[in-house]
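Dear colleague,

I am handing over the structure we spoke about, and it is placed directly below. After it you will find my notes on what turned up in it.

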Amino acid sequence: QVQLVESGGGLVQAGGSLRLSCAASGGTFSSYTMGWFRQASGKERAFVGAIRWSVGITYYADSVKGRFTISRDNAKNTVFLQMDSLKPEDTAVYYCAAAPNLYNAYDVPRVRRYDYWGQGVQVTVSS
C-alpha cells in the first residue's frame, strides 16, 4: 500500500522560506507523478505543483511559479517542495499526492487524478 508522509511545515514570516518533504513508500514510483496541493481554510484544495518522477519534468501553478521548486531524491523516495518568498496568501495545509501513470499535462493539476494522499502539513505565513 502506498503511503505518503509529509514533514517540514511550520510558521514563517513573509518573505521567508520553508522546505516540505514527502517520503513515499509501498510502491515503485518511477511511473508516478507526484503532486503538491494546498487547502486554505474555507477553500477548495488547489494545485501547487507536480513532478514526473522518472524524467523530472515539473509543473507549477501560476501563483507559485518562480517562488516554489519541486525536486526528488530517488535514493530516498522523497519529493521536496522548496518554498521561497513566501506570502501570507500561501498559508494553507499542504498535501503530497501520488498518481500512477499520469502523463497528460492537462490532467496533472486535477485533484481527482491522484490516488494517494498524505496527511497534510500546516504552513502559516505571517505578515
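Is Phe 37 buried or exposed? Phe 37 is buried, with a relative accessible area of 0%, where buried means under 20% relative accessible area, exposed over 50% and partly exposed in between, for a 1.4 Å probe and protein chains only. Please keep in mind that this is a predicted model, in which local features need pLDDT of at least 70 and side-chain atom pairs count only at pLDDT 80 or more, while totals for chains, interfaces and linings use all residues. Residues are numbered from 1 along each chain as its sequence is written, and side-chain values use heavy atoms, with hydrogens and water left out.

Aromatic pairs

The structure holds seven aromatic pairs, counted when ring centres of Phe, Tyr and Trp (its six-membered ring) lie within 6.5 Å, with planes under 30 degrees apart called stacked, over 60 edge-to-face and the rest tilted. Phe 37 and Phe 47 make an edge-to-face pair, at 5.7 Å centre to centre and with 70 degrees between the planes. Phe 37 belongs to strand 4 and Phe 47 to strand 5, ten residues apart, strands being DSSP runs of E with at least two residues, numbered from the N terminus. Phe 47 is also buried, with a relative accessible area of 14%.

Phe 37 forms a tilted pair with Trp 117 as well, at 5.0 Å centre to centre and 55 degrees between the planes. Because Phe 37 lies in strand 4 and Trp 117 in strand 10 (residues 116-117), this pair ties together parts that are 80 residues apart in sequence. Trp 117 is partly exposed, with a relative accessible area of 26%, and Arg 45 lies over the face of Trp 117 at 4.8 Å from the ring centre, which requires CZ of Arg (or NZ of Lys) within 6 Å of the ring centre and within 35 degrees of the ring normal. Phe 37, Phe 47, Tyr 95, Tyr 114 and Trp 117 form one aromatic cluster.

The disulfide

There is one disulfide in the structure, meaning a pair of cysteine sulfur atoms within 2.5 Å. This disulfide joins Cys 22 to Cys 96, with S to S at 2.0 Å, and the torsion about the S-S bond is about -70 degrees, so the disulfide is left-handed. Since Cys 22 lies in strand 3 and Cys 96 in strand 9, the pair ties together parts that are 74 residues apart in sequence. Cys 22 and Cys 96 are both buried.

Conventions. Helices (H or I, at least four residues) and strands (E, at least two) are DSSP runs, numbered from the N terminus.
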